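Here is a short briefing for a first look. Keep the sequence and the 3D view open while reading.

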Amino acid sequence: MAIKGGCLCGKIRYQISGRLFDASNCHCSMCRRQHGAAFVTYADFNPDEFKWLSGEDLVRIYEPLPGAGWCFCSQCGSSLAGTDKGKITSITLATVEGDPGINPESHIFVGSAAEWYQINDDLPQFDEWPPETQGPSDKAR
Ligand SMILES: [Zn+2]
Ligand SMILES: [Zn+2]
């Protein structure tokens, strides 16, 4: 069954026909500012398996660096996905409806984490990207 999700105002909806993988909590300062949260949980997928179901005209991309970009709703501000060179490569797990079939497996960019938030689980922590990847959605390419 396809994974579906969408933004707060409901205008934008998306579907991922395949499985999610490599879910991680990103604590980097860019994600924190973009989402207004201590960290953001992303999961990767095969970009070929992603499609917008509605509201694509409302989607905006802000990508200050290659591999560090976000898709968000221009009406309600929901951050829906991560981008790499304009391509959507990861989904914000919090916008998925129901059970996404995956749980966060690590904390990344802990080296720049918020000082006011204490990680209180036993998941592996990495200062930046995990050693087996060199960037976002490495395995999705
Ligand atoms: Zn919206
Ligand atoms: Zn980040």
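Three strands form an open sheet, ordered 1-2-5, with antiparallel pairing. Its edge strands are strand 1 (3–6) and strand 5 (50–54), each of which pairs on one side only. From one strand to the next, the twist averages 25 degrees. The model is predicted.

- Strand 1 runs antiparallel to strand 2 (residues 13–16), and four bridges join them.
- One residue pair to find here is Gly6 and its bridge partner in strand 2, Arg13.

- Seven strands form an open sheet in the order 6-7-8-9-4-3-10, and the pairing is mixed.
- Strand 6 (59–65) and strand 10 (106–108) stand at the edges. Each has a single partner strand, so one side of each is left without a neighbour in the sheet.
- In this sheet the twist averages 35 degrees from one strand to the next.
- Five bridges pair strand 6 with strand 7 (residues 68–73) in the antiparallel sense.
- Across that pairing, Arg60 stands opposite Phe72 in strand 7.

- How many of the five residues of strand 4 (residues 40–44) are buried? The count is five of five, and the strand is mostly covered.
- In a regular strand, side chains alternate between the two faces of the sheet.
- In strand 4, Val40, Tyr42 and Asp44 point one way. Thr41 and Ala43 point the other way, and all of these residues are buried.
- Strand 3 (residues 21–26) is joined to strand 4 by four bridges, and the two run antiparallel.
- Cys26 has Val40 as its bridge partner in strand 4. Val40 is also one of the buried residues of that strand.
- Strand 4 is joined to strand 9 (residues 87–92) by three bridges, again antiparallel.
- Which residue in strand 9 is the bridge partner of Asp44? The partner is Ser90. Asp44 itself is buried.

**The whole chain**

- The chain has ten strands and one helix.
- Along the sequence, the pattern reads β-β-β-α-β-β-β-β-β-β-β.
- The radius of gyration is 14 Å, close to the 14 Å that the globule rule gives for 141 residues. The chain is therefore as compact as a globular protein of that length.
- The C-alpha trace spans about 35 × 30 × 30 Å along its principal axes.
- Of the 141 residues in the chain, 34% are buried.
- Take the contacts between residues at least 6 apart in sequence: 57% of them join residues at least 24 apart.

- Ile119 has 14 other C-beta atoms within 10 Å, so it is partly exposed. A buried residue would need 20 or more, and an exposed one 12 or fewer.
- Leaving out residues up to four places away in sequence, Ile119 touches His107 and Gln125.
- Ile119 and Gln34 are 85 residues apart in sequence. In space, they are 20 Å apart, C-alpha to C-alpha.

Technical notes
Residues numbered from 1 in each chain as written. Chains lettered and ligands numbered in written order. Predicted model: local features only at pLDDT ≥ 70, side-chain atom pairs only at ≥ 80, totals over all residues. Pairing = 2+ DSSP bridges. Axes fitted to C-alpha atoms, helices over the stretch in contact; angles between N-to-C directions. Rg over C-alpha atoms; globule rule 2.2 N^0.38 Å. Contact = placed C-beta atoms within 7 Å.
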